[in-house]
Amino acid sequence: MIDQLTVFLENTKGRLTSLCRALGDVNIQMHSLALADTTDYGIARIICDDPKGAVAAISEAGFTANLTKVVAVEVPDVPGGLADVLDALDGADVNIEYSYCFADADNGATVAFKVDQSAIAALEGAGFKVLHPEDLYKTAQ
Amino acid sequence: MAYQDEITHMERSELEALQLERMKETLVNCYENIEFYKQSFDEAGFDPYAVESLEDLQMAPFTTKQDMRDAYPYKLFAVPREDVKEIHMSSGTTGVATVSGYTDADIKSWGDCFARGIGYAGGGVDDVVHVCYGYGLFTGGLGAHYGGLAVGAETIPMSAGNTKRQIKVLQSMGSSILCCTPSYAMHIADTAIEMGLDPKKDFTLKAGIHGAEAFSDQFRKNLEEKLNYKVYDVYGLTEVMGPGVAMECDEQDGLHVAEDHFLVEVLDPETHEPVPDGEWGELVITTLTKEASPVVRYRTRDITRIMPGECACGRTHRRIARLHGRTDDMFKVRGVQVFPSQIENVCAAFPEIADWYQIELTREGGLDIATLKIEINPEFPIDEIRKIEELQRRMQQALKDELAVSINIKIVEPHTIQRSEGKAVRIVDLRDEEEK
């Protein structure tokens, strides 16, 4: 599973900028950003190339952050591609808490799912490529 | 033997005889030497020379905070100025400051009162008293300092602030008794933990004497857990003396009033009639030994009750309950009275949130809105909005159960609520500004 960086953000001006700047300052590259927002606050979910380093750096900068395990899977870039992936999860009775898409380095489509670990076997069994930490991180974590 | 055990264990009859004798002297002294009391006694038809029992005090008029402000700076002093050796003043945040003067004997009594509390906490000559109340016009710092000296302990006058240095001293100098506001003790503990220390092992504290603001039982437990020591409450106020008027003993069940120095009454705040022991009301204090600025029936605006019965510790001085809060700190939301300590009690029972909170009062469309700002702990699974919303709902329900009024919960980022070195700012009232 992949470590997703999760950050609690108050809905105030410039807060997302500060977060991205704090990551940039320690040379961490983001692969994806998904925001879940409510009236008062938002949750930023980030896939990056050094999640542990990111938690340390931004906690130091005063953010509430932690790591969340997600499953990232490459999705065939054809009509119905994502539906096939979801079929595989449904077939294995895997419940999806949330998901979001991002582009990987080869410009292929990747989807991150907050699911339990059993999803990996279901996806691999159906022939999909599940990403491993080494596919995304710049150093071993 | 703890400090002045012979006084704190005095027979009640002997103590009350001493109180009566000292009360008579105080009333006559005030009448003869302070113009304000001459006038107020005369206007009320109160004859200080005719007093025969402690109950007769109930015929004397009150002294209010406003009276003390009107007397600024020296009009309530009973001794020639050359006998006044020290001055303290209230913060004066809500108006003109109130001034209290001390003669040499007053400073000695003050030190004695606080020193008894150090004794209640098991402290004595072998202890290192670390004082990080602010030193200055605020009575906290010097009151604790004089107490440390009186008991014969090694006393470190840290004053408030420079938290990292406080931590360094706590680590290296063997500080065993910490004197500061409860919120500053919490800030020191949290800062030490953030620095990677374990205050349970890295500090050598056995007791904390924490006052100047109301704090809940749960807040006390959290502090004791973090610092591995025992917390003792202390009560005092500038207008009367400073910390030491009443101090908690090992039973943690009420604060023993230094009854040889102060006479306390608890009155119904509306009718000003005495309430029976055990019932809540406003604390009213008459000084019995204060030379420079004695006060008669000073209305403290603090809400407490006399704890009925004897204390298990065996001391005979009566106890007042830990303060609910000051009537000044109390606020009303849609007509319902709320004390910050009630909110704190609820907050402290939620481990998901940090020990810092602030209440913001606003008005929308003529309706009071109270919003409680809390900081979420980093360990909380922030990833799931469902869980955050569920936490908010649970807290809201708990507050509603406790206060009978709805309070909004707003979760803010860590360290957005200002940490305090003295009294914590718990309430931000923006209602008046909006009305202007």
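Author: Over all chains, a search of the whole structure finds 33 salt bridges, where a salt bridge is a side-chain nitrogen of Lys or Arg within 4 Å of a carboxyl oxygen of Asp or Glu. The model is predicted, with local features needing pLDDT of at least 70 and side-chain atom pairs counting only at pLDDT 80 or more, while totals for chains, interfaces and linings use all residues. Side-chain values use heavy atoms, with hydrogens and water left out, residues are numbered from 1 along each chain as its sequence is written, and chains are lettered from A and ligands numbered from 1 in the order in which they are written.

One of the pairs within chain B joins Lys206(B) to Asp127(B), whose closest N and O atoms are 3.0 Å apart. Lys206(B) is partly exposed, at a relative accessible area of 37%, whereas Asp127(B) is buried, at 6%; buried means under 20% relative accessible area, exposed over 50%, and partly exposed in between (1.4 Å probe, protein chains only).

Arg318(B) and Glu259(B) also meet through their side chains in a salt bridge (3.1 Å, N to O). This pair links distant parts of the chain, 59 residues apart, with Arg318(B) in the loop between strand 13 and strand 14 of chain B and Glu259(B) in the loop between strand 9 and strand 10 of chain B. Here Arg318(B) is partly exposed, with a relative accessible area of 27%, and Glu259(B) is buried, with 0%.

In a further pair, the closest N and O atoms of Arg426(B) and Glu344(B) are 3.6 Å apart. Arg426(B) lies in the loop between strand 20 and strand 21 of chain B, and Glu344(B) in helix 11 of chain B, 82 residues apart; both Arg426(B) and Glu344(B) are buried.

Turning to the pairs between chains, the rule finds five salt bridges across the interface of chain A and chain B. Among them, Lys114(A) and Glu384(B) meet at 3.1 Å, N to O, and both belong to a network of salt bridges that also links Arg45(A), Glu97(A), Asp383(B), Arg386(B) and Lys387(B).

Note on methods: Helix = DSSP H or I, 4+ residues; strand = E, 2+ residues; numbered from the N terminus.
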